[in-house]
Amino acid sequence: MKLLKFAPLALGLAMTATQAHSAAYGVSLEWKTDDALTVFEGMNAQRSEFSKLVEQGIIHDLFVRHSMVDGKQFPIINFVMEADSADQVLKRLEPLPFFKDDVVKIADIRDIGTKWLDKEMVQNTYSLELTWLEPQQNLLVDQILGKDLQKVVNWNAQGVVTSAYLSIQDFDGNMKQPTYSIAVQARDEGHVQEMARELEAVKTESASYSIMYLGYKLNI
């Protein structure tokens, strides 16, 4: 009965993701320099300009992780940016001091869909992203999503999942299926793997998963 009650929610969320596709992009940065002095001298200007994007509401989630430049420790970030396309993400970042001065580069940029769940925390966070292995029948997708999204909602209530995004995965032949990624509070990557194996999409071998360390989520 729980599955039947939750199926409309899963379908509704999937429809919302389809309608608002490409609303959020996950961006990961890396240092492009090994000169610690350059990073130190440019940090305030970079922080000031990036804060303007936060104030405008363009940055949704911000994660800080430790990194080393020339033997010295500096914070570097992963974040979620609202945009219409990956090109728009690039255009918004190019004017920032660290990009203009060739201090940082984009290591990864992914369309993660539309945020549908949020819980603000200051904790160690990992990204858990699901990818369908092959197209599935709509009824099976609904059943799997019904179980998994209910589990994600429960994890959010427990403070284990802090945010979740719904997206659309494209297959050959113009086939599309809703998929999702979540930000997970965990002690280590092994803990996130344990959680992934609890998801119906993974248990039924319908989807694979990838994990990325995000850092510490900040309230913005």
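Two strands count as paired when DSSP finds at least two bridges between them. With that in hand, welcome to this predicted model. Ten bridges link strand β2 (residues 59-69) to β3, and the two run antiparallel. From there, the tour moves on to a second pairing, a strand residue with several contacts, and a residue in a helix.

- A hairpin is formed by β2 and β3, with two residues between them.
- In the turn of this hairpin you will find Asp70, whose phi is positive, at about 55°.

**Glu129 in strand β5**
- Glu129 belongs to strand β5, which covers residues 124-132.
- Its relative accessibility is 18%, so Glu129 counts as buried, the cut-off being under 20%.
- The side chains of Glu129 and Arg110 make a polar contact at 2.9 Å.
- Leaving aside residues up to four places away in sequence, Glu129 touches Arg110, Tyr180, Ser181, Ser208, Tyr209 and Ser210.

**Leu145 in helix α5**
- Helix α5 spans residues 138-158, and Leu145 is part of it.
- Leu145 has a relative accessible area of 1%, so this residue is buried.
- Leu145 and Pro178 are 33 residues apart in sequence, while their C-alpha atoms are 8.6 Å apart in space.

Technical notes:
Residues numbered from 1 in each chain as written. Predicted model: local features only at pLDDT ≥ 70, side-chain atom pairs only at ≥ 80, totals over all residues. Heavy atoms only, no water. Helix = DSSP H or I, 4+ residues; strand = E, 2+ residues; numbered from the N terminus. Buried < 20%, exposed > 50% of the residue type's maximum accessible area, 1.4 Å probe, protein only. Polar contact = N/O pair within 3.5 Å; in protein donor to acceptor, adjacent residues only side chain to side chain. Contact = heavy atoms within 4.5 Å.
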